[in-house]
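Q: I have not seen this one before. Can you walk me through a few parts of it?

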Amino acid sequence: MKRIGIFGGTFDPVHNGHLIMAENVKDQMHLDEVMFIPSRIPPLKDIDNVSDAAHRVNMLKLAIAGNDAFTYSDVELNMPGTEPNYTVKTLLKLRDEYSRYEVKFYLIIGMDQLINLHKWKDPGKLFLLSEVIIINRPGYLIQQVENEYSRQGIFVPVPNIDISATDIRFRINEKRSIKYLVPQAVENYIYENNLYK
Ligand code: ATP
């Protein structure tokens, strides 16, 4: 049985917080693969402020190159229609795609997502379609974010890495350093393409 981690996000840009947490979850949950899935229109984010999918994908590919267990999927970017894509739909699509294989999906979400889970589409179904992995994020304590869903998920402790894409975009705008917050290749890409100015 292949164990596949599903890691969705805006990845605008992907940063070392994402990579460190994904590697730790892979290690602790004995996953064979962690699939990074950039979202087309993040349902709970302001669409106008999200970079082009092409840039987010290019940065993601640069970031995961060199880790054989990290893969990229365009399943959400390629969803038909214009409405936001929902994780439950993604899981159903992946279940179909992998129906001929023995796989188990592990949906990885941060605590910042856990507190919003009731706003997601069909949150209860996520737990039927996958094992939900909840990971810590600086600023959130498990006692504070406990809800009806936290008890159904598996809490996997990872090192607290206080990096966010919002902070990276802010730093660039302020002409401050982002060195070591993102892989070097991603940093180069951001400057070469004048992103987040
Ligand atoms: P933004 O600041 O733009 O909201 P972000 O840094 O939170 O972006 P996303 O692409 O929205 O990045 O995050 C995707 C997933 O990664 C979410 O489940 C989020 O909880 C998790 N995540 C992001 N950064 C970290 C981090 N530093 N530590 C642990 N989990 C993280």
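The chat below goes through the ligand site, a helix pair and some loop residues.

Q: What should I know before starting?
A: This is a predicted model, where local features need pLDDT of at least 70, side-chain atom pairs count only at pLDDT 80 or more, and totals for chains, interfaces and linings use all residues. Residues are numbered from 1 along each chain as its sequence is written, and side-chain values use heavy atoms, with hydrogens and water left out.

Q: Ok, how many residues surround the ligand?
A: There are 23, counting a residue if one of its heavy atoms lies within 4 Å. The closest are D112, R137, I161, A165 and T166.

Q: Which atom of H15 lies 2.9 Å from a ligand oxygen?
A: An N or O atom in the H15 side chain. It is a polar contact, a pair of N or O atoms within 3.5 Å (within protein, one must be able to donate a hydrogen and the other to accept it, and residues adjacent in sequence count only if both atoms are side-chain atoms). From the backbone, an N or O atom of F11 lies 3.0 Å from a ligand oxygen, and a polar atom of G110 is 3.2 Å from one.

Q: Switching to helices: at what angle do α2 and α8 pack?
A: About 155 degrees, with the axes of α2 (residues 53–64) and α8 (residues 184–192) 8 Å apart. Axes are lines fitted to C-alpha atoms, for helices over the stretch in contact, and angles run from 0 to 180 degrees between N-to-C directions. The two are therefore roughly antiparallel, the term for angles over 145 degrees.

Q: Which residues make that contact?
A: A54, H55, N58, M59, L62 and A63 of α2 meet A185, V186, Y189 and I190 of α8, where contact means heavy atoms within 4.5 Å.

Q: And where is R40?
A: R40 is in the loop between β2 (33–38) and α2. Its side chain reaches the backbone oxygen of M79 at 2.5 Å.

Q: Which peptide bond is cis?
A: The one from D12 to P13, with omega near 5 degrees. P13 sits in the loop between β1 (2–9) and α1 (16–28).

Definitions and conventions: Helices (H or I, at least four residues) and strands (E, at least two) are DSSP runs, numbered from the N terminus. Angles under 35 degrees count as roughly parallel, over 145 as roughly antiparallel, 65 to 115 as roughly perpendicular and the rest as oblique.
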